[in-house]
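This report goes through selected features of the chain, moving from a single side chain to helices, domains and backbone geometry.

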Amino acid sequence: MIPYEVEYLRASSVQQALSVLAQNPEAKLLAGGHTLLPMMKLRLARPELLVDIGRLPELRGIAVHEDSVSIGSATTHAELEASADLKQRAPLFSLAASVIADPTVRNRGTIGGALAHADPSADWPAVVLALGAEMEVMGEQGMRRIPAHEFFVGFMSTAVAPGEVLTRIHVPLPAPGRVAYRKFRHPSSGYAVAAAAVAVDVGNDGYAWGRIGITGVADVAFRAREAEALLEGNFTDLAGKVDDIVETAFTGVNALEDNFADGAYRLQLGRVMLKRALLDALGSQG
Ligand SMILES: Cc1cc2nc3c(=O)[nH]c(=O)nc-3n(C[C@H](O)[C@H](O)[C@H](O)COP(=O)(O)OP(=O)(O)OC[C@H]3O[C@@H](n4cnc5c(N)ncnc54)[C@H](O)[C@@H]3O)c2cc1C
């Protein structure tokens, strides 16, 4: 489909993008364009002005600090997949990036665009939930940080307020050593019909705890808190609890339904993906 005519501005800084957004409530940020442009072609979105932040150096790249990794929101999926720093410090990123769509999407789509759009089948929400990341958001009033578990507030809805820009994603270090990502891909788009991210940390005394992020199954990505309570204790005991953890994770979850997967099938895919991810993480070299 052919997009309609729209004004375009390539922002020279986040500050400029913020003031343009403040003056134009009908403006929309453009990062990789791999969600927004298809929506405009389908007339599901009709911004009057696109404010392109996709090439702003201040929003790009990965910086390793002593106690965190900081990822610019306009960093592409492909850059996250290839990053040697992330492979070493937070390998869940390269695991998940490698199964997003295809190389064309990975070369243009950004982590910030995906998180801000909060598609219920997107991959990054599960990852940031499992790693306990924080989202840094800038507005005219200044900067604030939002923990991942408070960021996704509903169907395609986040805690980013109108006029704000998601600027960076902060991942605490050291990140859990045993991680896994398992996804059942939609055969045409590659989006997650169901996917699970698991991150498990084991202390020197053998005591372990973990986080579980689930995407694709419900209308919003979520942390499986009650299941996480079971994913804690002596590391050597965790493998015996996998089935209980899986069952608990999906208890009471209202599954999405569509032409590809009804609710019961989607829940079952979620259980299978989580079980595989747990077995991967518990069996991996931490
Ligand atoms: C064929 C196809 C297959 C795909 N498969 C997958 C898949 O398997 N898994 C997956 O996770 N995703 C998939 N995607 C989505 C892809 O990852 C997109 O790149 C991503 O969802 C949006 O990122 P973007 O940079 O393209 O954002 P854009 O399209 O530029 O923007 C998306 C939305 O976020 C807003 N936005 C962008 N950046 C910011 C910011 N910094 N702060 C606040 N708001 C912002 C925009 O205003 C817009 O509303 C697929 C897309 C396509 C076209």
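## The surroundings of Arg-211

Leaving aside neighbours within four places in sequence, Arg-211 is in contact with Leu-129, Ala-130, Leu-131, Gly-132, Ala-197, Val-198, Ala-199, Arg-223, Glu-228 and Leu-231. The model is a predicted one, and in it Arg-211 lies in strand 13, which spans residues 207-215.

Arg-211 is buried yet has no salt bridge, and the nearest side chain of opposite charge, that of Glu-228, is 5.8 Å away. A salt bridge would need a side-chain nitrogen within 4 Å of a carboxyl oxygen. The side chain of Arg-211 does, however, reach the backbone oxygen of Ala-130 at a distance of 3.0 Å, and Ala-130 is also among the residues in contact with Arg-211.

## Domain layout

The protein chain is divided into domain 1 (7-52), domain 2 (57-172) and domain 3 (178-283). Taken over C-alpha atoms, the centres of domain 2 and domain 3 are separated by 20 Å, and the contact between these domains takes 25 residues from domain 2 and 25 residues from domain 3.

## Two helices with a buried face

In helix 1 (residues 14-23), the residues Val-14, Ala-17, Leu-18, Val-20 and Leu-21 are buried. Seen down the axis of helix 1, these buried residues fall within an arc of 165°, so they line one face of the helix. An α-helix has 3.6 residues a turn, so residues three or four places apart point the same way. The cover over the buried residues of helix 1 includes strand 1 (7-10), strand 2 (27-30), strand 3 (49-52), strand 6 (134-139) and strand 10 (165-172).

In helix 12 (residues 242-250), the buried residues are Val-242, Ile-245, Val-246, Ala-249 and Phe-250. Viewed along the axis of helix 12, they fall within an arc of 115° and therefore line one face of the helix. The buried residues of helix 12 pack against strand 13, strand 14 (222-223), helix 10 (225-230), helix 11 (235-238) and helix 13 (263-283). Helix 12 is followed by Gly-252, whose phi is positive, near 80°.

## Backbone geometry in the loops

Ala-101 has a positive phi of about 40° although it is not a glycine, and it is found in the loop between helix 5 (92-97) and helix 6 (103-108). With a relative accessibility of 17%, Ala-101 counts as buried, because the cut-off for burial is under 20%. Ala-118, likewise not a glycine, has a positive phi of about 55°; its place is in the loop between helix 7 (111-117) and helix 8 (124-130), where Ala-118 counts as buried at 5% relative accessibility.

The peptide bond from Leu-173 to Pro-174 is cis, with omega near -5°, and Pro-174 lies in the loop between strand 10 and strand 11 (178-185). Gly-203 is found in the loop between strand 12 (192-202) and strand 13, and with a relative accessible area of 34% Gly-203 is partly exposed. Between Gly-203 and Ala-126 there are 77 residues of separation in sequence and 24 Å in space, C-alpha to C-alpha.

Technical notes
Residues numbered from 1 in each chain as written. Predicted model: local features only at pLDDT ≥ 70, side-chain atom pairs only at ≥ 80, totals over all residues. Heavy atoms only, no water. Helix = DSSP H or I, 4+ residues; strand = E, 2+ residues; numbered from the N terminus. Buried < 20%, exposed > 50% of the residue type's maximum accessible area, 1.4 Å probe, protein only. Lys, Arg positive; Asp, Glu negative; His and termini not counted. Polar contact = N/O pair within 3.5 Å; in protein donor to acceptor, adjacent residues only side chain to side chain. Contact = heavy atoms within 4.5 Å. Arc of directions from axis to C-beta. Domains from an automatic or database assignment.
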